[in-house]
Amino acid sequence: MKVSPALTILVLAILIATVIGDVGPVAAQDSVPVPDNLQAELGENRGEIVLTWDIVEEAEFYRFGWLSVSDYLEYTAAGRDWQDSMTYRSVANDGQSSLSIQGFKEGDTYIFIVGSSQGRQGEPSWSPRAAAIKLEGCGGDRDALTALYNSTDGANWRNDPNWLDDTAPLDEWFGVSTDNHGCVLFLYLPNNDLAGEIPPELANLPRLRLLHLSGNELTGEIPSELAGLGDLRVLNLWNNELNGEIPTELGGMTNLSTLDLGRNELEGEIPTGLTQLTNLRVLSFNNNMLSGEIPSELGTMANLTSLGLWENELTGEIPPELGNLVNLRYLDVDDNKLTGTIPPEIGNLTSLKSLWLTSNDFTGNIPAELNNLSNLQVLSLSGNQLTGEIPAAYGQFDRLEQLYLHDNRFTGPIPGELSNLSDLEILALSGNQLSGEIPEELGNLAELEALYLHRNELTGGIPTELGDLAKLEILILDGNDLSGGLPAELGNLSELTYLSVNRNQLSGSIPAELGNLEKLEQLRLDNNQFSGMIPAELGNLAELEQLHLDGNQLTGSIPAELANLTKLVLLYLTGNPLTGCIPIGLEGIADNDLDELGLATCTATPST
């Protein structure tokens with residue numbers, strides 16, 4: 001007999017009252033205290049239920065009784081006494097407080113009572129409370145998985161061992177894990193070439209806790225039926241081709257801790273109903289086409305640790321209510337169409353490790369409250385219209401590893417206090433209106449790998465202390481008004497791959513020490529006032545791919561050693577009063593301006 005959920009609940013309510021009313025509490029002759037706090041839980045094995053209760057020291061025996069809802073309905077429909085369907089078991093009291101019973105049917109609901117007595121056959125003192133539990137059936141799991149296979153071109157999956165094999169247990173199907181009852185708990189098929197729509201039949205996996213289908217070619221809309229997966233903890237559909245709107249019904253999945261729908265083609269607004277997901281820790285909707293404003297209601301999701309909304313079409317301002325998310329460690333709203341000022345309430349997020357507000361249209365100064373974010377490892381405010389000076393207080397962020405403030409309208413000097421950032425790996429301040437000299441203290445940033453100061457209004461010389469940055473790989477200073485010579489100490493930067501100082505007012509000779517930069521791939525010294533000869537040592541740069549020396553005042557002949565640069569694909573030398581001839585081998589460089597020098601090709605390689 002098929003039982004509807006509503007009828008089951010009603011029958012349970014009647015049975016609990018009826019069972020206790022008919023069989024207990026009945027005091028045994030010796031008035032043994034009754035067991036209390038009876039609980040029923042699923043056991044580790046299929047069809048197993050574990051009962052627990054409070055110990056009754058005076059009892060010699062415990063007696064248990066139980067019946068199923070289906071038996072109750074069958075007996076009453078046949079006009080039989082439903083109490084005849086009850087099963088009883090007596091066990092001696094050995095000080096135990098639990099009992100494992102097996103052989104129960106999945107999909108049925110059972111009611112248990114417990115009593116205590118002095119003898120095995122004596123009438124027990126029954127507890128006035130009963131326990132009920134339903135064994136969720138998973139007989140439809142195989143059909144649900146079959147529907148997924150058929151809907152997503154399973155025959156062409158990258159891996160599909162044992163799928164659709166009727167003789168194989170489900171936990172032997174590739175990407176499927178089950179509990180001891182044989183019910184599907186985890187469905188893990190990322191990057192497996194699933195192509196097609198997600199079938200609504202997946203909602204028939206009642207115990208599913210993880211659904212991970214990222215990195216496939218899933219299309220169509222997200223089935224609202226998935227909201228019926230009440231035990232689901234992780235829903236990861238990242239990097240597919242899903243479209244349509246985010247189903248509001250997903251807000252009913254109250255056990256969900258991770259919801260990742262990033263890198264799809266979803267559109268519409270972020271449903272406010274998702275704020276019912278009070279256990280959610282990770283919410284990621286990045287790389288979609290979502291529009292509208294960021295719902296202020298997201299500020300009520302107190303357990304959120306990660307909120308990723310980057311690369312959408314969201315508009316409006318950042319809701320100040322996001323400042324209530326005190327457990328947040330990652331906040332990313334990059335690449336949207338957000339406007340207004342940065343809310344000072346963001347400064348309340350003292351657990352934050354990464355703050356990404358890049359490529360929007362934020363204006364105004366950086367709020368002083370952001371100085372409270374002492375746990376930051378990444379701060380990115382680039383690509384906006386922020387103004388004012390760079391806060392010197394950022395030098396207190398002793399855990400900061402990456403600082404991106406480029407492409408704004410910041411003015412004033414570079415704070416020397418930034419040299420206190422002992423873990424800093426990337427410092428990007430380019431594309432502003434910064435003035436003054438480059439602080440020599442930046443040479444103390446022992447972990448620095450990239451320094452971007454180009455396209456500002458910096459003056460003065462290049463500090464020799466920059467040659468102390470032993471881990472530096474990228475140094476870009478072009479587009480300023482720097483003067484003086486190029487420090488020979490830069491030749492100490494053994495990890496350097498990119499050096500650009502073009503479009504400044506630098507003068508003097510090119511240091512021969514640059515020839516020590518064994519990993520250098522691009523050298524841009526063009527459009528300055530360098531003079532003297534091109535160092536022959538540049539021919540030692542075995543990894544060099546681009547050499548820009550044009551637009552200077554270099555003299556003398558082109559070193560024949562440049563022909564040793566076998567990886568060179570670009571060579572610009574025009575705008576210099578060079579003499580002599582073009583060494584053999586250079587004319588084969590793919591992108592060069594040698595024909596504009598007015599020099600003939602050497603007839604033989606000059607002897608050394």
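Predicted model: local features only at pLDDT ≥ 70, side-chain atom pairs only at ≥ 80, totals over all residues.
Four strands form an open sheet in the order β35-β37-β39-β41, and their pairing is parallel. Strands β35 (483-484) and β41 (553-555) stand at the edges with a single partner strand each, so one side of each has no neighbour in the sheet. The partner of β35 in a parallel pairing over two bridges is β37, which covers residues 505-508. Within β37, L506 is the residue that stands opposite G484. In general, the strands of a sheet pair through backbone hydrogen bonds, in either a parallel or an antiparallel manner.

**Aromatic pairs**

The structure contains 13 aromatic pairs. Two of them are set out below, each described by the distance of the centres and the angle of the planes.

| Pair | Arrangement | Centre to centre | Angle between planes |
|---|---|---|---|
| W53 and Y62 | edge-to-face | 5.1 Å | 65° |
| Y394 and F397 | stacked | 5.1 Å | 25° |

W53 and Y62 are both buried. Elsewhere, W66, F104, Y110 and F112 are linked into a cluster by ring pairs.

**Charges over rings**

Arginine side chains also lie over tyrosine rings. R63 is placed over the face of Y88, at 4.9 Å from the ring centre. R80 lies over the face of Y75, and its distance from the ring centre is 4.0 Å.

Conventions: Residues numbered from 1 in each chain as written. Heavy atoms only, no water. Pairing = 2+ DSSP bridges. Phe/Tyr/Trp six-rings, centres within 6.5 Å; stacked < 30°, edge-to-face > 60°. Buried < 20%, exposed > 50% of the residue type's maximum accessible area, 1.4 Å probe, protein only. Lys NZ or Arg CZ within 6 Å of the ring centre and 35° of its normal.
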